[in-house]
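Visitor: I am new to this structure. Please show me how to read it.

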Amino acid sequence: MEKKKFYINMGSQEISQVKYGNNEELVIYATENEASMLRHKMARMNDADFRAFFRAHVPIMQYHNDESNDDYDSNMTEAFQMIYNLGDEETKRHIENMGKTFIECVQKGG
């Protein structure tokens with residue numbers, strides 16, 4: 001199958017073949033099937049986020065025991081791994097720098 005160029009916006013969880021706004025931060029080359037799999041992961045992120053929203057309004061449920069937050073984190077990690085694997089060199093560099101920035105922030109305590 002032919003790989004096509006896709007622009008990814010993780011904030012809005014959009015995948016597009018059309019460059020617009022600020023959606024060019026992450027670029028992948030994927031088959032339609034791979035893009036569909038990534039869309040599915042993002043949809044699962046959205047579902048988990050929606051469930052977490054409702055959990056946040058139930059004061060007796062503790063955040064650290066919330067399955068929806070774990071689901072969101074897991075799907076986001078899988079989505080970023082897929083984007084990294086399918087991404088161009090700039091996308092891979094961007095994701096690597098995100099990890100470094102996160103690690104540095106944790107090491108500094110904040």
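**Reading helix 2 and its surroundings**

Guide: Start with helix 2, residues 67-86: it has 20 residues and reaches 28 Å from first C-alpha to last, close to the 28 Å expected at 1.5 Å a residue. Helices (H or I, at least four residues) and strands (E, at least two) are DSSP runs, numbered from the N terminus. The expected span is 1.5 Å times one less than the number of residues. This is a predicted model: local features need pLDDT of at least 70, side-chain atom pairs count only at 80 or more, and totals for chains, interfaces and linings use all residues. Residues are numbered from 1 along each chain as its sequence is written, and side-chain values use heavy atoms, without hydrogens and water.

Visitor: Which residues in helix 2 are buried?

Guide: Buried means under 20% relative accessible area, exposed over 50%, partly exposed in between (1.4 Å probe, protein chains only). In helix 2, the buried residues include Ser-68, Phe-80 and Leu-86. Down the axis of helix 2, its buried residues fall within an arc of 160° (directions from the axis to the C-beta atoms), so they line one face of the helix. Exposed Glu-67 and Thr-77 are on the face turned away from that buried side.

Visitor: In what sense do strand 1 and strand 3 pair?

Guide: Two strands pair if DSSP finds at least two bridges between them. Strand 1 (residues 4-9) and strand 3 pair in the antiparallel sense, over five bridges. Tyr-7 has Val-27 of strand 3 as its bridge partner. In strand 3 (residues 26-30), four of the five residues are buried.
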